[in-house]
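Keep the sequence and the model side by side. The paragraphs below go through sheets, loops and a helix pair in turn.

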Amino acid sequence: MTGLPMKSLAIPNGWDRSGLPAWTYHSPALFELERDNVFLNHWQVAGHVNDIPAPGDWLAFDLFGERAVVMRGQDGEVRAFHNLCRHRGARVVDGEQGHCRGAVICPFHGWVYNLDGTLRGAAQPATFGMLDKTQFGLKPIEMEIFYGFVFLRFRPGPQAPVAQLLSPYAADFVAYDTDALLPADQAKWHAELPVNWKSVRDVDNEGYHVALAHPALQELYGRDYRDIYLPEGLHVSFGFFGDRPGRRWSVRNYVKHAPDRPRLPDHLRKSWTYYGLFPNTVFSFTPEGAHFYQALPRGPGRPRLTGRTYRFPNESRQQRLARYLAARIDRDTSAEDQQLSIWSNESMKSSAFEGFHLSDLEYGVRRHHDNLRRLLPVLTLDKAPPEDQIRHCNEELSCQTVGRE
């Protein structure tokens with residue numbers, strides 16, 4: 001692991017090997033607190049600037065009733081707005097992705113917005129009296145671009161600006177030339193699971209299960225897998241593969257055809273690398289492609305797993321083949337993880353469940369839970385408060401925490 005451009009955090013001695021209590025996985029009242037304190041005020045990834053290459057191209061991103069549209073203006077700039085007409089609040093664009101020819105026209109009453117969000121004009125403007133168009137543009141949303149990826153935050157929150165927060169990843173993203181990534185065919189994907197979103201992250205935040213639960217990954221990189229924990233809830237996982245043949249068709253042929261990219265640093269040339277961002281996002285890079293994925297909750301037991309897939313410019317036939325083979329391996333791995341999430345989540349309602357007892361190889365799960373506890377002190381309670389008291393208990397515990405500090 002020498003030569004990595006980042007310093008990992010050591011696993012503390014005598015750390016508490018327990019996880020969150022079972023009640024936190026099925027409480028509607030807690031879920032409302034997570035909405036406000038974990039998701040709407042933390043950075044989320046909406047896509048990549050090359051998903052919207054031309055003026056008028058747009059991406060939509062919805063989360064907990066908030067609706068965003070990311071759009072490229074006539075000047076080439078990428079901007080983010082609330083997908084909400086200033087007249088009656090209708091969506092100004094509908095769908096996941098599209099193109100506006102020169103302007104955005106609200107489908108409800110025909111208000112027209114320029115591609116920079118300013119109001120061009122209202123339908124039948126004389127009926128509005130002295131309407132000041134400068135006061136009725138689309139409302140902007142906080143947005144940052146990090147080496148091509150577009151990040152949104154609906155409310156101010158505890159995380160640093162993206163450039164500062166993700167600075168430990170900068171050298172690797174530069175090496176992968178992520179600014180130049182292009183959307184792959186059928187780039188957007190999604191699936192829904194009958195689980196709490198934390199069960200998805202519990203599976204994804206540790207590599208202890210890889211050896212048994214992911215036979216294709218085990219054949220690909222076996223014991224050459226490492227988790228690195230970084231400050232601010234970041235973590236990186238490296239799966240190093242070599243020339244050992246796999247029994248599975250996809251693995252055997254991937255190893256055979258995986259392109260060598262000599263311009264990559266040594267620790268990335270033969271690696272599947274995963275870059276995690278608290279609370280719910282992972283970027284995944286291989287020598288021939290990239291994608292990101294997220295668990296976006298739609299209810300206490302109904303997350304939407306979604307992501308986008310990218311290729312590198314001037315893709316060769318070998319790179320395309322390797323990307324196809326990698327996608328086959330990823331498809332099986334994702335299905336296996338989804339099943340593990342279901343099994344893990346269903347255990348939370350069993351009278352026999354006595355909580356987690358975590359291995360050192362699962363320290364990432366504990367760290368994720370600790371990050372959640374810092375945001376929501378009510379998660380430190382082993383027994384569930386009454387549903388109608390959860391918000392009050394969290395406020396009381398928050399005050400006690402502030403007082404101790």
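How many of the residues of S13 are buried? 6 of the 6 are buried, so S13 is largely enclosed by the rest of the structure. Buried means under 20% relative accessible area, exposed means over 50%, and partly exposed lies in between, with a 1.4 Å probe and protein chains only. Strands (E, at least two residues) and helices (H or I, at least four) are DSSP runs, numbered from the N terminus.

A word on the source. This is a predicted model, in which local features need pLDDT of at least 70 and side-chain atom pairs count only at pLDDT 80 or more, while totals for chains, interfaces and linings use all residues. Residues are numbered from 1 along each chain as its sequence is written, and side-chain values use heavy atoms, with hydrogens and water left out.

Back to S13, residues 235–240. Both of its faces are covered. His 235, Ser 237 and Gly 239 are buried on one side. Val 236, Phe 238 and Phe 240 are buried on the other.

S13 belongs to an open sheet of 7 strands. The order is S11-S17-S16-S15-S14-S13-S12, and the pairing is antiparallel. Two strands pair if DSSP finds at least two bridges between them. Strands of a sheet pair through backbone hydrogen bonds, either parallel or antiparallel. S11 (182–192) and S12 (225–229) stand at the edges, each with a single partner strand, so one side of each has no neighbour in the sheet. From one strand to the next, the twist averages 15 degrees. Axes are lines fitted to C-alpha atoms, for helices over the stretch in contact, and angles run from 0 to 180 degrees between N-to-C directions.

Now follow Phe 238. Toward S14 (residues 271–277), S13 pairs antiparallel over 6 bridges. There the bridge partner of Phe 238 is Thr 273. Toward S12, 5 bridges join the antiparallel strands. Arg 226 stands opposite Phe 238. S12 and S13 form a hairpin with 5 residues between the strands, and there Glu 232 takes a positive phi near 60 degrees.

Move to S17, residues 303–311. This strand is mostly covered, with 7 of its 9 residues buried. S16 (residues 289–297) runs antiparallel to S17, joined by 9 bridges. In S17, Arg 308 is the bridge partner of Phe 292. The two strands form a hairpin with 5 residues between them. S11 also pairs with S17 in the antiparallel sense, over 7 bridges. Here Pro 183 has Tyr 310 of S17 as its bridge partner.

Some backbone details deserve a look. Most residues other than glycine have a negative phi, and most peptide bonds are trans. Which peptide bond is cis? The bond from Phe 278 to Pro 279 is cis, with omega near 10 degrees. Pro 279 lies in the loop between S14 and S15 (281–286). Gln 186 has a positive phi near 50 degrees. Its place is in strand S11, and at 77% relative accessibility Gln 186 counts as exposed. Asp 177 also shows a positive phi, near 55 degrees. Asp 177 lies in the loop between H3 (170–176) and S11. With a relative accessible area of 40%, Asp 177 is partly exposed.

Turn to another sheet. Here 4 strands form an open sheet in the order S4-S3-S2-S5, with antiparallel pairing. S4 (78–82) and S5 (97–99) are the edge strands, each pairing on one side only. Neighbouring strands are turned by 25 degrees against each other on average, direction ignored. S3 (residues 66–72) pairs with S4 over 5 bridges. In S4, Val 78 is the bridge partner of Arg 72.

Last, the helix pair. H7 (residues 249–257) and H9 (residues 317–347) pack at about 150 degrees, with axes 9 Å apart. H7 and H9 are therefore roughly antiparallel; the cut-offs are under 35 degrees for roughly parallel, over 145 for roughly antiparallel, 65 to 115 for roughly perpendicular, and oblique for the rest. H7 passes H9 in a left-handed crossing, where the near helix is turned anticlockwise from the far one by less than a right angle. Residues of H7 in the contact (heavy atoms within 4.5 Å) include Trp 249, Val 251 and Tyr 254. Those of H9 include Leu 321, Leu 325 and Ile 329. The contact residues divide into 9 nonpolar, 4 polar and 1 charged. Ala, Val, Leu, Ile, Met, Phe, Trp, Tyr, Cys and Pro count as nonpolar, Asp, Glu, Lys and Arg as charged, and the others, Gly among them, as polar.
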